[in-house]
Amino acid sequence: MDVEITSTVWTRGSILNEVEQGSMNFIQIASLLQHYLYRVDLPASKEGESEFDTLLSYLKLTNVVRNDDVNTSDLATILKWCTELDNVAIRSVSQTQQLLALNHANYSVPHLIQLPHDFSKLFQHYSKQKCNLCYAALKSPALCLVCGNLISLNATCCKLRPKNEGGLHASVCGSGTAIYLSIDSSNIMIYRGNRSCTWSSVYLDHYGEEDSGLKRGKPLILNEARYSFLENLWRNHTLDHNCKRLIQMNLY
């Protein structure tokens, strides 16, 4: 990330503007959280009032730095920091760019792992995987679509593996929620707490039909629309609303 360094005359107004711009994204996200968690309507900005001040009032926060009675020693300290930053930038622009870039976190939208276009590649790779405890062929291998780990949904290869590895992995990987792709059947398995269900497959044949259990032996291709739909259900926490067949199971 490139950060532009310019020679700036730091004043109280310019410092406050930089603080507001840098914290605006956080204030907006906090406001959305309050709206959805506590069902409090989002406010509309009044005439002459900035979005920043409107959201601060919505969050019941006070814009202390805009008040005239703000501690002048605090502003003097901030002004000194900014002046020192300018002095460093004059000596080494590249190092200052790297320093500032470290403080800018880049947030990406959560997403499921990327799957190959052809299911046969998945099957050939993971069907040969062995248990890391007894080194026998792994029974009922399933790929976690959140983290990419391979687990056993029906661990019968040895007594060392947990009986319900799918539920245990879900509790660690997604706080009780996990989405698995069964390598043996191409089906999607969804785990939610102590419930689970079989979802539609994201791999379809040339005619757009599923091959649950791989009984027909047709070439299966990733259906991007289905996978995107599943990803949106997971990302928006709406798996419960879509999966009406989640059944109770014994985790331990």
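The legends below describe an overview and several close-up views of a predicted model.

View 1. The secondary structure of the chain consists of eight helices and eight strands, and buried residues account for 35% of its 252 residues. The accessible surface of the chain amounts to about 16,500 Å², with 53% of that area belonging to carbon and sulfur atoms. Of the contacts between residues at least 6 apart in sequence, 58% join residues at least 24 apart. The average pLDDT of the chain is 80, and 79% of the residues score at least 70.

View 2. Where pLDDT is low, the predicted coordinates should not be read in detail.

View 3. Apart from neighbours within four places in sequence, the residues in contact with Ser31 are Leu42, Leu55, Tyr58 and Leu59. Just after H2, the backbone at Lys60 adopts a positive phi of about 60 degrees.

**View 4. A nonpolar patch on the surface, formed by Ile29, Leu33, Leu37, Tyr38 and Val40.** Together these five residues, Ile29, Leu33, Leu37, Tyr38 and Val40, have about 520 Å² of accessible area. Val40 is placed in the loop between helix H1 (12–38) and helix H2 (51–58). With a relative accessible area of 33%, Val40 is classed as partly exposed, and this value also passes the requirement of over 30% for membership of a patch.

View 5. In the pair of Tyr180 and Tyr191, the ring centres are 5.3 Å apart and the planes stand at 85 degrees, so the arrangement is edge-to-face. This pair links distant parts of the chain, with Tyr180 in strand E3 (residues 177–182) and Tyr191 in strand E4 (residues 188–192), eleven residues apart. Tyr180 is buried, with a relative accessible area of 0%, and Tyr191 is likewise buried, with a value of 6%.

**View 6. A salt-bridge network that links Asp205, Asp211 and Arg216.** Side chains of opposite charge can pair when their charged atoms come close. The whole structure has four salt bridges, and a network of such bridges links Asp205, Asp211 and Arg216. Between Asp205 and Arg216 the N to O distance is 3.2 Å. The two residues belong to distant parts of the chain, eleven residues apart, and both Asp205 and Arg216 lie in the loop between strand E6 (203–204) and strand E7 (221–222). Arg216 also forms a salt bridge with Asp211, for which the closest N and O atoms are 4.0 Å apart, a distance to be read against the cut-off of within 4 Å.

**View 7. The salt bridge of Glu231 and Arg235 within helix H7.** The closest N and O atoms of Glu231 and Arg235 are 3.2 Å apart in this salt bridge. Because the two residues are four residues apart in helix H7 (residues 224–235), Glu231 and Arg235 are separated by about one helical turn. An α-helix has 3.6 residues a turn, so residues three or four places apart point the same way. Glu231 is buried, with a relative accessible area of 15%, while Arg235 is partly exposed, with a relative accessible area of 26%.

Methods:
Residues numbered from 1 in each chain as written. Heavy atoms only, no water. Patch = residues over 30% accessible without salt bridge, like charges linked within 9 Å, V, L, I, M, F, W, Y side chains within 5 Å. Areas by Shrake-Rupley, 256 points an atom, 1.4 Å probe, with all protein chains shown as cover. Salt bridge = Lys/Arg side-chain N within 4 Å of Asp/Glu carboxyl O. Buried < 20%, exposed > 50% of the residue type's maximum accessible area, 1.4 Å probe, protein only. pLDDT = per-residue confidence, 0-100. Phe/Tyr/Trp six-rings, centres within 6.5 Å; stacked < 30°, edge-to-face > 60°. Contact = heavy atoms within 4.5 Å.
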